Amino acid sequence: GVSLNRITSGVFPVGRIMDFKTIVNGPGGLAAVAADTLLVVLVGNAVPEGLDKPLSAALAAAVSQGDFVFKAGHSLVLHGAAGIKASRLAFVAAASASPKHFRNAVVAGVTALKSGGTRHLAVALAGSDDLDDAHAQALVAAVSDTVYVYRHTKPSAPAPSVLAKVSLVCAKAQSAGIAGGLLHGAGVAEGVALARECANRPANHCTPSFLAAEAKRLGKEFGLKVEVLERKDCEKLGMGSFLAVAQGSHEAPKFIVMRYQGAAKTEAPIVLVGKGITFDTGGISIKPAGEMDEMKFDMGGAASVLGTMRAVAQLKPKVNLIGIVPACENMPDGRAVKPGDVVTSMSGQTIEILNTDAEGRLILCDALTYAERFKPAVVVDIATLTGACVIALGHQRTGLFAPDDALAAELLAAGERGLDPAWRMPLDEEYDDGLKSNFADMGNVGPRPGGAITAAMFLKRFTAKLNWAHLDVAGTAWKSGAAKGATGRPVPLLTQFVLSRAS
């Protein structure tokens, strides 16, 4: 079985262990599966052919009585169904047998069951034989996402689900591949849970120092090499852009560098750079008060780097990976940077700060320059960078910017495989004109139209020596409204990308 610790150890409360295992469908069929609950994901618009007779009879009766319809997401829970070993029998309809629709169906089924007494859940797919490792990964993601509850600062949070074991029923020939998929899914789920936990914490808890401490904890637990540069270190390196953002806050900035070595030292590493603004007021260009509380999520890029480092360290691929997190607050103190100030970046290029609320790119540019020292194979930065990206793509797909077609294709494929999709955006040279300044090498903002693109063009100016891509996760790293909270994206995309590059 695969053990998944739902809430990571160390600074986080220790959670129960959840096991993900395979069950080979034996002579007795699904009716003989031993579990508290058997959840059957149904593909198609009728009772599937070949479904075990007791299950087929129960489903047909529910359909005839109007208790179940073959509509995606519709679920039904039956107790004590005749001829079935599991004490509960649940059905849920899926739009298709694809991993994406399988995941959505499992989410609906687990949502209907999670407040009950199910400790061991067995999941089966009926109406299709297309069950593989991608479905196994989707199962782990669906269950772990659905049972996650933030409780660090909320003692009144609902009691944790009692669900402790989840089994995926498969044919014997499928079991080896599916077991591998469960292992992969468990690693990603741990990374996603860590990213969510960090981002969900209030800004008075999740400070730059907290992120540095969490990086060191991961280093100790997984044998990662971790270095934290302090303000004086950054000053010596000439990180004038990063420090300009940090100067208005009483919280000390931290520049975090994490290293995982799974391949030969001579192999060029992948470098991930995550924006770590632990709270963003906008600075002197202050944001409106409405929904400003959500700016605690402005370190979603940093959280995804920590989560991906954790996932990769658990899965141990043969690859070298470096995570860089420039972390600070953006506050309107008397010492804060002002609109019109000119600062010198680590690259030596000067920047006129026209809008202090365009601060993410100011900390990332110095981190990108710092990344050059590792002679990386590829650098990907991840940032909740622009509201313009949310307007362009909504909350479904992450904005992807990459000058190199091959790298863009790799990241897009990783997103599709990880059910964490992205969409490629343009980087035409004409967009660069918006960054012209009369007083510095560039301004930090351009005109409002195409704001996500001009932000990427700003970063591109610091990547001449890098094979670089930028992920704008402003629309995907967290949810607003009644479901307010961090999503842990794009940990699945990033982990899949790193694994695909393993030797």
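**Close-up views of the predicted model**

View 1. L368 counts as buried because its relative accessibility is 0%, and the cut-off for burial is under 20% relative accessible area. The model shown here and in the other views is predicted. L368 sits in helix 9, which spans residues 360-371. Once residues up to four places away in sequence are set aside, L368 touches V273, V379, D381, L459, F462, T463, L466 and W468.

**View 2. Helix 12, residues 451-460.** This helix is mostly covered, with nine of its ten residues buried. An α-helix has 3.6 residues a turn, so residues three or four places apart point the same way.

View 3. Helix 10 gives the most, with five residues. By class, the lining of the second largest pocket has 16 nonpolar, 13 polar and eleven charged residues.

**View 4. R489 and the cis peptide bond to P490.** R489 is located in the loop between strand 21 (485-486) and helix 13 (491-500). P490 lies in the loop between strand 21 and helix 13 as well. The peptide bond that runs from R489 to P490 is cis, and its omega is near 5 degrees. R489 counts as buried because its relative accessibility is 17%, against a cut-off of under 20%. The side chain of R489 reaches the backbone oxygen of Q396 at a distance of 2.9 Å. Neighbours within four places in sequence aside, the contacts of R489 are S304, H395, Q396, R397, T398, D420, P421, T476 and A477.

View 5. The lining residues are A195, A199, G300, A303, A477, A486, G488 and R489. Helix 4 (175-200) and helix 8 (300-315) are the elements that give two or more residues to this lining. The lining divides into five nonpolar residues, two polar and one charged. A477, in the lining with R489, is also in contact with R489.

**View 6. The largest cavity.** The structure holds two cavities of 30 Å³ or more. The largest cavity has a volume of about 60 Å³. V110, L113, K114, G116, T118, L121, S161, V162 and L163 line the largest cavity. Five of these lining residues are nonpolar, three are polar and one is charged.

**View 7. The open sheet with strand order 13-14-18.** The sheet has three strands, and their pairing is mixed. Strand 13 (341-344) and strand 18 (442-443) are edge strands, each with a single partner, so one side of each has no neighbour in the sheet. Strands of a sheet pair through backbone hydrogen bonds, either parallel or antiparallel. Strand 13 and strand 14 (residues 350-353) run antiparallel and are joined by four bridges. In this pairing, V342 stands opposite E352 of strand 14.

View 8. K316 is not a glycine, but has a positive phi of about 55 degrees. The residue is placed in the loop between helix 8 and strand 12 (320-330). K316 is exposed, as its relative accessible area is 58% and the cut-off for exposure is over 50%. K375, likewise a residue other than glycine, has a positive phi near 45 degrees. K375 belongs to the loop between helix 9 and strand 15 (378-383). With a relative accessible area of 67%, K375 is exposed.

Key:
Residues are numbered from 1 along each chain as its sequence is written. This is a predicted model: local features need pLDDT of at least 70, side-chain atom pairs count only at pLDDT 80 or more; totals for chains, interfaces and linings use all residues. Side-chain values use heavy atoms; hydrogens and water are left out. Buried means under 20% relative accessible area, exposed over 50%, partly exposed in between (1.4 Å probe, protein chains only). A polar contact is a pair of N or O atoms within 3.5 Å; within protein, one must be able to donate a hydrogen and the other to accept it, and residues adjacent in sequence count only if both atoms are side-chain atoms. Contact means heavy atoms within 4.5 Å. On a 1 Å grid over the protein atoms alone, a cavity is a set of points where a 1.4 Å probe fits but cannot get out, and a pocket is an open set with protein on both sides within 12 Å along at least five of seven lines; lining residues have an atom within 4 Å of a point. Grid points are joined across faces, edges and corners, and a volume is the space filled by probe spheres set on the points. Ala, Val, Leu, Ile, Met, Phe, Trp, Tyr, Cys and Pro count as nonpolar, Asp, Glu, Lys and Arg as charged, and the others, Gly among them, as polar. Two strands pair if DSSP finds at least two bridges between them.
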